[in-house]
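Trainee: Can you walk me through this one? I have the model open and want to know what packs against what.

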Amino acid sequence: MTFFRANIFFRKFDVKSSADKLLVYLTLYINMTLKRVENCKTEAEGTKAVITLGLEEFPIPGEPGFSLGGLFTAPSSQEEGDLLRSYLKQLREETSGRLMERAYLPNGKQNKWWIAFSKRKFLNLNFI
């Protein structure tokens, strides 16, 4: 979360480990979440939009629509796929909670220094 605003400016990213893969995934997810809340003027509206986003089905590696197919390998079994989906869902929920603390000020209004990054593209990719 701390380096999101610096990372969003990358056009190329050298992936050396699985931690880098996760960083790319979460950076794209944060960007997508900011796009969802940019039109939500209050924290209550933003929280509702983030909860709705959390309830939506999302593709995992190996499924159509997953935008980072070259980075991640597809799960070898249904059980492994379910485990990966639950892990990514937990990551997304935790990231969303931490993002909401930064995207909105204590008075409930948008933090323009975070919401402005919703217009940026990371690695020229659109996420899910």
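**Contacts and packing**

Trainee: What is Phe 4 in contact with, leaving aside its neighbours within four places in sequence?
Mentor: Thr 27, Ile 30, Asn 31, Leu 34, Trp 114 and Phe 117. Contact means heavy atoms within 4.5 Å.

Trainee: What kind of model is this?
Mentor: A predicted model, where local features need pLDDT of at least 70, side-chain atom pairs count only at pLDDT 80 or more, and totals for chains, interfaces and linings use all residues. Residues are numbered from 1 along each chain as its sequence is written, and side-chain values use heavy atoms, with hydrogens and water left out.

Trainee: And the mean pLDDT of the chain?
Mentor: The mean is 85, and 96% of the residues reach 70 or more. pLDDT is the predictor's confidence in each residue, from 0 to 100.

Trainee: Which element has the lowest mean pLDDT?
Mentor: Helix α1 (residues 4–7), at 78, while α4 has the highest, 91. Helices are DSSP runs (H or I, at least four residues), numbered from the N terminus.

Trainee: Next topic: how do α2 and α4 pack?
Mentor: At an angle of about 55°, with their axes 10 Å apart. Axes are lines fitted to C-alpha atoms over the stretch in contact, and angles run from 0 to 180 degrees between N-to-C directions.

Trainee: Which residues make that contact?
Mentor: Among them are Leu 22, Tyr 25 and Leu 34 of α2, and Tyr 87, Leu 91 and Leu 99 of α4.

Definitions and conventions. Helix = DSSP H or I, 4+ residues; strand = E, 2+ residues; numbered from the N terminus.
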